[in-house]
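Open the model in your viewer and keep the selection tool at hand.

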Amino acid sequence: MALTKKQSDALARQTFEYAPAPESIDHVKIQPRYGLFIGGKFVTAHSRKRFPTINPATEQKLAEVVEADEVDVDRAVKAASKAFDSWARLPAARRARYLFRISRLIQERSRELAVVETMDGGKPIKESRDVDIPLSAAHFFYYAGWADKLEWAFPNRKPHPLGVAGQVIPWNFPLLMLAWKIAPALAAGNTVVLKPAETTPLSAMVFAEICMQADLPPGVVNIVTGAGKTGSLVVSHPDVKKVAFTGSTDVGKLIQRAVAGTGKKLTLELGGKAANIVFEDAPLDQAVEGIVNGIYFNQGHVCCAGSRLLVQESIAEPLLEKLKRRLSTLRLGDPLDKNTDIGAINSRAQLEKIQGLVESGIEEGAELYQPECVLPERGFWFPPSLFTNVAQSFRIAREEIFGPVLSVLTFRTPDEAVAKANNTPYGLSAGVWTDKGSRILWMAEHMRAGVVWANTFNRFDPTSPFGGYKESGFGREGGVHGLLPYLELS
Amino acid sequence: MDVRKTYKLFVNGEFVRSESGRAYRPDGGKVNVPRGSRKDLRDAVRAGRTAFPGWAARTAMNRGQILYRAAEMLDGRAAQFVELLGGGARSRRELDSAVETLVWYAGWTDKLQQVTGTVNPVAGPYFNFTIPEPMGIVGIIAPEDSPLTGLVRRLAPALCGGNVVVALAAESHPLAALTLAEVMATSDMPAGVVNILSGQRKELLPWLASHMDVNAIDAAGCSAGEIKAIEESAAGNVKRVIKIAEKEQSPYLIAAFMEMKTVWHPIGV
């Protein structure tokens, strides 16, 4: 028997109580203090400066890490330089074996890594457990296989490693971004100095332990913790031959300027403001799931998040109704709870940035919708939010919010959808939902973005190249294309 | 008495004087060459942006035909170019090499995707493929020591993939590049796909490198100092700066002017 609208609304409003289902943390040992991982072991830093890394869901300190200074970074780069010759000369099949080993160790320690990732970064355990960690292991496994097959990747050319790669990664997918950086670099025969994000250094510390466990030759992987200053020391060190950065477009531009004229090879994976486009013939329930996954996955801390929803005018009303109803069922809270959909915002600074942009949206005249949602008292939280009445000129439609905030716009024709989707300096990703095959291909062709998800969103795979057009950066990570930034071809 | 030619800039398929009204005489010769300005460059970029979607949407075969047509037109004017390049066997070799380059890349338009694209075996029920797509507007700086072939070596791969080009002619020997514009104009190349400016490199290069609607700069013909300045300005809109060696002739060079796009679609749902 069909429900009346009144009944179904009542049902939608009803809150279900879920029994807590917290992931246990007793099997995880986080050290109170970490040194720097240089030359194959944790060493005492030259820098006396330390800073805490906290759990954003509780604001409790988890550990202290070093803010590496110039001497520390130099030491790490020297260790990597020293290791380079023998690593690059090692029979490629041996390099492959180390990478396979690392991949296996990540799998074996997956539960520990998932818990550490969730505690340090605030993301729901079901995401770190089902997405971040398995994809990290898969990335190492994929590139392990390339290490002794590079000659087959680039016809008519001989591949050579570059030397020391300086890599700076963000806080939204700490271990996965580490894997995206380190796996292809090592497979290609380079050595690395990696700086994890200042708010999420812990999974990189566990990874350092894994390198030791794998008996990876000393100096092949070096990890220095710190904030922006440390990162800039890594990228500007004269012995670093390759720079890879994932982060904001603003910082990416600074790095591009900093390495200008140095001959360093550069890849940048920067911000985005993806359009997720829903046509009137799309299966609406599937589209709603895709929209939710597109923007509320990982609290919207995703560079390729579908932060601009473009809905065909004729279905805007029913789609928004379904979407709002779905938002009211999202569970926000303890990231360690296995039922949690939306975890904690990564840091106070990020929370303030989201709040500021949301306020700008209200001031500029957009209409804010947030489901009823109780926020925990401690920690950093932001409810899943969506804006309607958004003009393309609003800041919330132009700037990357990097939070669980969706801007909804409408369109009438495919041409208008494409024009609006491309009306941004970014070009990282895009989504399209329609049942019409020829339209999918036409849309995919016309969207100026490096990744197009059709009737799906936010899918990742080590074999699938990822990276942006325009101000979303250059170079690709993943797939055979992801090897090129780490090789010189002769 | 011969009828002398007035050399002009090539912008949006038209031969125009510099809006600045300025000219210079390369090599202290008798020929006036327009000294292009920031505004000429702006017009060229605007023409390129307008032409880009149409050129990128041409079929690969059609772009190949047009590049081949350009080779035909260039070869047909061989004598004129040899003379412009100074005459003699060396100039003849340069001309032949430029023609050969156009023919070679004409044959790549419909093969690049097969060589650099991939179908990716993702671990899930998705069809996933990666294909090269043109970046958009590419700025090319012709090398001073190879004013024709040096330019064609970069122009051809950029056009091959579906990009449009704003090129700066060699400052000291601009006549070959400005005459190459006549070849482009008679090759069925749509207006705005190739734009060629003459003028002072130190005046135009900074505007080209900092222009917010230029997607990439090919810096093969540039000095180390110029490359540093280009890379600093390029950061303003995250331009790609391509530094592959001047003499490279390969699909890797075409790919350097391309973006890789990956498309996902579920299977079976």
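Two residues are in contact here if their C-beta atoms, placed from the backbone, lie within 7 Å. The model is predicted.

Select residues 284–296 of chain A for helix 10, then residues 316–327 of chain A for helix 11. Their axes lie 10 Å apart, and the packing angle is about 55°. Angles from 65 to 115 degrees count as roughly perpendicular and those under 35 as roughly parallel. Helix 10 of chain A and helix 11 of chain A are therefore oblique to each other. The crossing is right-handed.

Now show side chains. On helix 10 of chain A, pick L284(A), D285(A), A287(A), V288(A), I291(A) and V292(A). They meet P318(A), L319(A), K322(A), L323(A) and R326(A) of helix 11 of chain A. Colour this contact by class: eight residues are nonpolar, three are charged and none is polar.

**Stop two: helices 4 and 5**

Move to residues 110–121 of chain A, helix 4, and residues 125–146 of chain A, helix 5. Here the angle is about 125° and the axes are 9 Å apart. This pair is therefore oblique as well. Helix 4 of chain A passes helix 5 of chain A in a right-handed crossing.

Which residues make the contact? Helix 4 of chain A supplies S110(A), L113(A), A114(A), E117(A) and T118(A). Helix 5 of chain A supplies I125(A), S128(A), R129(A), D132(A) and I133(A).

Technical notes: Residues numbered from 1 in each chain as written. Chains lettered and ligands numbered in written order. Predicted model: local features only at pLDDT ≥ 70, side-chain atom pairs only at ≥ 80, totals over all residues. Axes fitted to C-alpha atoms, helices over the stretch in contact; angles between N-to-C directions. Helix = DSSP H or I, 4+ residues; strand = E, 2+ residues; numbered from the N terminus. Parallel < 35°, antiparallel > 145°, perpendicular 65-115°, else oblique. Left-handed = near helix turned anticlockwise from the far one by under 90°. Nonpolar A, V, L, I, M, F, W, Y, C, P; charged D, E, K, R; others polar.
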